[in-house]
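I opened this entry to keep track of what I looked up, residue by residue and helix by helix. My notes follow the order in which I went through the structure.

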Amino acid sequence: MKYTAKPLPKVELPELRQVGKPLRRVDALGKTTGTTVYSGDFTMPNMLHAKVFRSREPSARIKRLDVSRARALPGVVCVLTAADLPDARLVTDMPGQTGQKRRAGSDAPVLASDVVRFAGEPIALIAAETLAVAEQALDLVEIEYEPLPGVFDPLAALQPGAPVVHEPDNVVARWKIRKGDVKAGFAVADVVVENTFRVPFIDHAYIEPESGVAWMDGQDVINIRVCTQVVEHFRSIARAVGVPHNKIHIQGTLLGGGFGGKEDITVEIFLALLAKHTRRPVRLEYTREESILAHSKRHPFIITHRTGVKRNGRITAAEIKMVSDSGAYLYLSPYVLLYATIAASGPYRVDHLKVDSVSAATNNPFTSAFRGFGAAQAAVAYEQQMDEIAKVLGLDPLEVRCVNYLKTGDRNATGQEIKSAVWLEEAATRALEALGEKTPAPSDAVKIGQGFASYLQSYGRITWFHDTSRAWVGLELDGSVVIRCGVPDLGAGQINSLCQIAAEVLGVGLDDVTIYSTDSALTPLAGTTTATRQLYMSGNAVFHAAGAVRESLLERASKHFEEPPDGLDLAEGRVFVKDDPEQSLPLSELAAMCAAGGLPLANLYLFKAPFTSTLDPEGLQGDVFPDFTFGAHAVEVAVDTETGEITLLKSVGCHDVGRAINPAAVVGQIQGGSAQGLGYALMEEVIVEEGIIRTPSLAEYLIPTAMDLPVTQAIILESGSGVGPFGAKGIGEPSLTPAAPAVANAVADALGVRIPDLPLTPDKVLAALDRAAGREAVGAAACETDDDGSEA
Amino acid sequence: MSRHTISVTVNGSAEYVDVPSNMTLLQMLREKLALTGTKNGCEAGECGACTVLLDGEPVNACMVLAVEVDGREVTTVEGLAHDGQLDVVQQAFVEEGGVQCGFCTPGMLISAHSLLDRNPHPTEEEIRQALVGNLCRCTGYTRIVRAVQKAARGRV
Amino acid sequence: MLPEFNLLTPQTLAEALDMLAESAPDAVPLAGGTNLIVDLRDRRQCPAVLVNVAELAELRGIRQENGHVVMGGGTTIAEMLNDPLIAQHAPVLQDAARIFANPLVRHRATVAGNLVYGSPAANTPPPLLVLDAEVELASQAGVRRVPLDDFLVGVRETACRPAELLTAVRWPTPAQHSAAAFRKVGLRKSDAIAVLNVAVRVTQRADGVCEQTRIALGSVAPRVIRARAAEESLLGQPLTETAIAEAARLAAEATRCISDIRGSADYRRRVTEVLVRRLLTQVAGEVK
């Protein structure tokens, strides 16, 4: 099938001087010369080295814990156990933001006391003069476990009589969507298609393992230099350590990748406790194995779609069930499940929709945020379901989608009106067009397949979280610009975008802007670098703060030039009269005039996302997100039907990013995010057996290498319709979401049979072909319906 | 445990370092010589973040004992730029957007540099093969491959 | 961190053998270190002494000698990959070297280390087995030669004795009408532990009749094995599609696969048959 790009609606975007240009990132130079200092590169005089003693058992009572031999080892300065920390818990909640009452006791204790609930749970902290001594001390901790029955499967965990991880039962969260009349919707369906899809645990596998250094200063402030996505954790850290909020100071560093894995607290509380108890600087760096053991995983999901469709593909009703594995502790599981629930029906208009989702506690590794945050798992299911619907109806996959795509003004699963541009068909047809004709197969054993996936993904946090970001922008007397903003930069170019926005508004070059970021005490709090929210939130904060400075400057210049402020402009470090650019002044002179007149040269702006109230849990109808990003990813694969090996041949991502602040960074997001999705589809899985991780290092937990990925072509569309600065939408998470289902669809296209469980390993390919040869449909059931909707 | 005094040339400078036998080259660079540009990502030869040149050949510094580099030459990312001028590979990484979080970048640069020294005009396939030991989780490698191609053109 | 140990750096092979003998069984030779350093770090091995043999001249070099190719045990995988003699006489070894881990590891890892480690998933044993390689093992007691097929015993188990050093690998220069091939299946395109790997070598007469066959299978048994029944089934036969299919079936029968995180036993057995068939078909075409 040959696809032609759908013409784009006409959009006039203003030509800008800095924004929209693929400028050299402000952080690139330090990173290529090795001078950028990451959290693991810091040392302090008189510093101690820390290690964490962790549980080997996934479910056990601690019968005896004796750290006396570890304490007695020469060179050991401090050993802490739960006995030293009365009821210290790692609370990931934020006051006034969740809207859901959290269940007492399901937050992780900082250190396990009587019971361990997963293998890897921290039990004791050690600080010693050298790392070697700290490691020796680990071996001297004596522990006896009494194994308890564990539960390692979320479906089993929900059965009556299952071992209970946290009283009273293993239900961590439940959500439901009730929209329209599902029974009536199924009644008018010509065909009902039902399938179940599964996705595994996966690891963020950032190249930089977690690390940090903490020390107490003269005001008894505990300073923590750490790689984190969330400097606002200082509050939770203070609570766990038992000090006032103003005694914890996070000095965040540039991150060596985060992807959600550094969204929860990692080393911070351990460092703070040891620094407080020893009053000496302490360093803690996880090994790769400890990183894999200690931080969250992406939630495995089991998702069942039952979809009623007309013969032309129009969806008349959908019933979707989701089960996620929350692991041993709560963390962000309820919200990941909520995102998945709201995204369950995808970027399609489904007037009659019923979604029931539940997250179950198990004795598996805990699960939490991972780029895509539940919506990525949802997409793996809904996009495979769309292809299965097309197959059952004998229609083209694009055709089925086009009949159902949301349009601007339509309402999504929660009844929220989509106000921005929805260029789903535009994106999908462009991705498919760029994919081109199928590559000829090199042999009979090899089958070529093409597939694509569309998606919708929110950017910005849930609006009942009442999200805010602050930024301070100021002009120095020499005309250079300073931004202060608490944003953590994960490597995606977060700080660079803010610099480019300020440079645009204040008419300076990118090199004239310096940003101070990621400090919980010294930079205005900007919120988390999560949820694809920083460009939207902090981008707007910087835009408005810089705008206020600009206004002040133009007002003063207006007096000088005797021109109205809107007759003036700022560019190339000068203020000038628009109609007569010869009349101009360098910004340094204008700054001096302002300073002499006591006029403000700086502004602190508080940007607020729309604030809404929590929704009725009985149906979740109402507004939940500020806006959504839409797009598509398409891939071509070659599948060796005799060995089951899959090779990616082509990859194209096409997304409407509203406005690309830095197109090079946007391309980087599309290529990098999709790479994670491609790995998710083909090879990534944290294999957990009876609660024990069987892929403990990067030798077993495989992520794609340069040989595994093709060039990903990135196609940027700009509708200018986003709620970010200059009409931008977010792309951080959306870039990942459609890639995995696109691969699943391409492989199904190649084989003529679907493998409903990721990752698509060679083993599963052969097993699926076996089942197909046995004329057995894989996890799929389609049936004709009678007029009353009952299954024929 | 034995201790050894070794002499090693690091980025062109002669260094005399006292090291215990169980110290890796990675530890020596980071802890003894304060060259923290070389990163620690796994200590098991799986990620390539600690790639350095040992007598001109790229190796994982975590897999080499410090004692083994006695009398040899080591080049780290800090040794690529000269007189404040970026090496052509570094320049290409900056210009092509081959850098995101930057944690794999020092190792990538060393592997790329070594490839171009051996093979000034590599194909895309050869570039990908040369970078297989350097994992990147941010870029999907496309921009990195482009940067190496650009550097190859720029080296003439 | 690595545990504590003493590191000795001998200047000659004799000195190295003395050092190993003196500290046996607590001494371990260190060459490329790509297995050993990881084992030390994970405390899978805790020797008191490491004897650094990486620089010993006696362990290096690749040469031809009395109709044999002799490769020093200290030859790195990268050296093997770039050596003209190997390219001429044992390109199958380079096929295995090319996808051996990654370039960084290849610059360190040695052929001796790869063999002595006794991993059933190692890359070099299948091609060396089909080349009829022998290993030279040196100790204070002298040098002995052991066919590689006898050297490999089980999972991480070889015939290497304490204080013995694998100094060289040697194999008869293959006949002209001989062709060999190697294929590995991993869970990613490179830098992956083998789910299985297969090497074959066939010597054919001018009329296409098979004079000698070698089939070696990795990761499908506790050690890398030869599929002897499959080899014998081809002797005196032309390499027809039917004969190849039968040999492939027999090869799969020779496996003793387990299921692990990389693949099921059934998958391994089945794909063994596929790879043997494909490789035999490939070399059948090449020999003529």
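I began with a side chain in chain A and found that a polar atom of the A:Gln229 side chain lies 2.9 Å from the backbone nitrogen of A:Gly260; a polar contact is a pair of N or O atoms within 3.5 Å, where within protein one must be able to donate a hydrogen and the other to accept it, and residues adjacent in sequence count only if both atoms are side-chain atoms. Before going on I noted that this is a predicted model, in which local features need pLDDT of at least 70, side-chain atom pairs count only at pLDDT 80 or more, and totals for chains, interfaces and linings use all residues. I also noted that residues are numbered from 1 along each chain as its sequence is written, that chains are lettered from A and ligands numbered from 1 in the order in which they are written, and that side-chain values use heavy atoms, with hydrogens and water left out.

I placed A:Gln229 in the loop between β12 (222–226) and α6 (234–241) of chain A, where helices (H or I, at least four residues) and strands (E, at least two) are DSSP runs numbered from the N terminus. A:Gln229 counts as buried because its relative accessibility is 2%; buried means under 20% relative accessible area, exposed over 50%, and partly exposed in between, with a 1.4 Å probe and protein chains only. Leaving out residues up to four places away in sequence, I listed what A:Gln229 touches, including A:Phe259, A:Gly260, A:Lys262, A:Pro488 and A:Thr529, with contact meaning heavy atoms within 4.5 Å.

I then looked up A:Glu12, which is in the segment before α1 (28–33) of chain A and counts as exposed at 67% relative accessibility.

**Two helix pairs in chain A**

How do the axes of α16 (residues 663–682) and α17 (residues 739–751) cross? They come within 7 Å and cross at roughly 45°, the axes being lines fitted to C-alpha atoms, for helices over the stretch in contact, with angles from 0 to 180 degrees between N-to-C directions. The two helices are therefore oblique to each other. On the α16(A) side I found A:Ser674, A:Gly677, A:Leu678, A:Tyr680, A:Ala681 and A:Leu682, and on the α17(A) side A:Ala739, A:Ala740 and A:Val743.

**Backbone details**

I looked for cis peptide bonds and wrote down the one from A:Glu167 to A:Pro168, with omega near 5°; A:Pro168 is in the loop between α4 (154–157) and β9 (171–179) of chain A. Another cis bond joins A:Leu758 and A:Pro759, with omega about -10°, and A:Pro759 sits in the loop between α17 and α18 (762–773).

In chain B, B:Asp55 has a positive phi of about 50° although it is not a glycine, and it lies in the loop between β3 (51–54) and β4 (57–60). I noted B:Asp55 as partly exposed, at 42% relative accessibility. In chain C, phi of C:Arg156 is near 55°, and this residue, in the loop between β8 (152–154) and β9 (157–158), is partly exposed with a relative accessible area of 44%.

Terms used: Parallel < 35°, antiparallel > 145°, perpendicular 65-115°, else oblique.
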